[in-house]
Amino acid sequence: MSRHAQDPNAQPRISRNPDARRGQDLDARDRTGQDPVITDWSHGDRVVRWTHGDRIVRKDFAGPTQAALAWNGRVLVVEALDDTPYTPTDNAVVYEADGTELVRLTPPRDLVAEPSWVFGFFTAHLDAQGRPVLVVATQVGDFWGHPDLAAGTVVDVQEWR
């Protein structure tokens with residue numbers, strides 16, 4: 001089948017990435033066609049740097065960062081976790097490669113009986129398929145899931161063991 005736009009029998013390209021089929025463009029790359037690479041970061045740093053084409057993007061944070069990773073043209077940073085009751089829990093942010101904030105992620109509040117028991121994101125890493133995994137800390141145990149950039153939260157949430 002042809003994919004040419006003027007072909008009446010043209011079939012749209014269907015991504016094999018299930019997240020992309022849900023309206024998320026996780027195959028996005030920066031304008032140079034290259035993925036960003038984190039060049040300077042260690043757990044607890046207040047600055048995260050990554051490449052974007054031929055330049056370095058720098059983001060400064062008020063507190064120590066918990067995680068920073070690059071995937072599919074984007075950068076995910078987990079900011080310091082504030083476990084003070086009734087404080088904002090949206091401490092994970094996804095940036096485009098150029099440093100533009102794409103979305104600030106909010107952990108699901110319905111994981112435990114009391115929404116105030118959800119502290120926020122504890123850390124993040126890439127799974128075996130190269131997808132980000134975020135760990136949500138709560139007063140009664142931790143959970144993990146994959147980011148849903150369209151909804152600004154995590155999905156496929158499971159108990160962390």
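**A residue in a loop, and the strands around it**

Asn91 lies in the loop that links S5 and S6. The model is a predicted one, and the values below are computed from it.

Is Asn91 buried or exposed? Its relative accessible area is 7%, and because the cut-off for buried is under 20%, Asn91 counts as buried.

Strand S5 covers residues 74-78 and strand S6 covers residues 92-96; they run antiparallel and are joined by five bridges. Within this pairing, Val75 stands opposite Tyr95 of S6. Strands of a sheet are held in such pairs by backbone hydrogen bonds, in a parallel or an antiparallel arrangement.

S5 and S6 belong to an open sheet of four strands, ordered S4-S5-S6-S7 and paired in the antiparallel sense. At the edges are strand S4, residues 67-71, and strand S7, residues 101-105, each of which pairs on one side only. On average, neighbouring strands of this sheet are turned by 15° against each other, with direction ignored.

Strand S1 (residues 38-40) and strand S2 (residues 47-52) are antiparallel and share two bridges. Asp40 has Arg49 in S2 as its bridge partner. These two strands form a hairpin with six residues between them, where Gly44 has a positive phi near 95°.

S2 also pairs with strand S3 (residues 55-60), again in the antiparallel sense, over six bridges. Here the bridge partner of His52 is Arg55 in S3. The hairpin of S2 and S3 has two residues between the strands, and Gly53 in its turn takes a positive phi of about 65°.

How confident is the predictor, and where does pLDDT stay under 50? Over the chain, pLDDT averages 81, and 78% of the residues score at least 70. Residues 1-32 stay under 50 throughout; for this stretch the model has 44 contacts beyond four places in sequence.

How values were computed. Residues are numbered from 1 along each chain as its sequence is written. This is a predicted model: local features need pLDDT of at least 70, side-chain atom pairs count only at pLDDT 80 or more; totals for chains, interfaces and linings use all residues. Side-chain values use heavy atoms; hydrogens and water are left out. Two strands pair if DSSP finds at least two bridges between them. Axes are lines fitted to C-alpha atoms, for helices over the stretch in contact, and angles run from 0 to 180 degrees between N-to-C directions. pLDDT is the predictor's confidence in each residue, from 0 to 100. Contact means heavy atoms within 4.5 Å. Buried means under 20% relative accessible area, exposed over 50%, partly exposed in between (1.4 Å probe, protein chains only).
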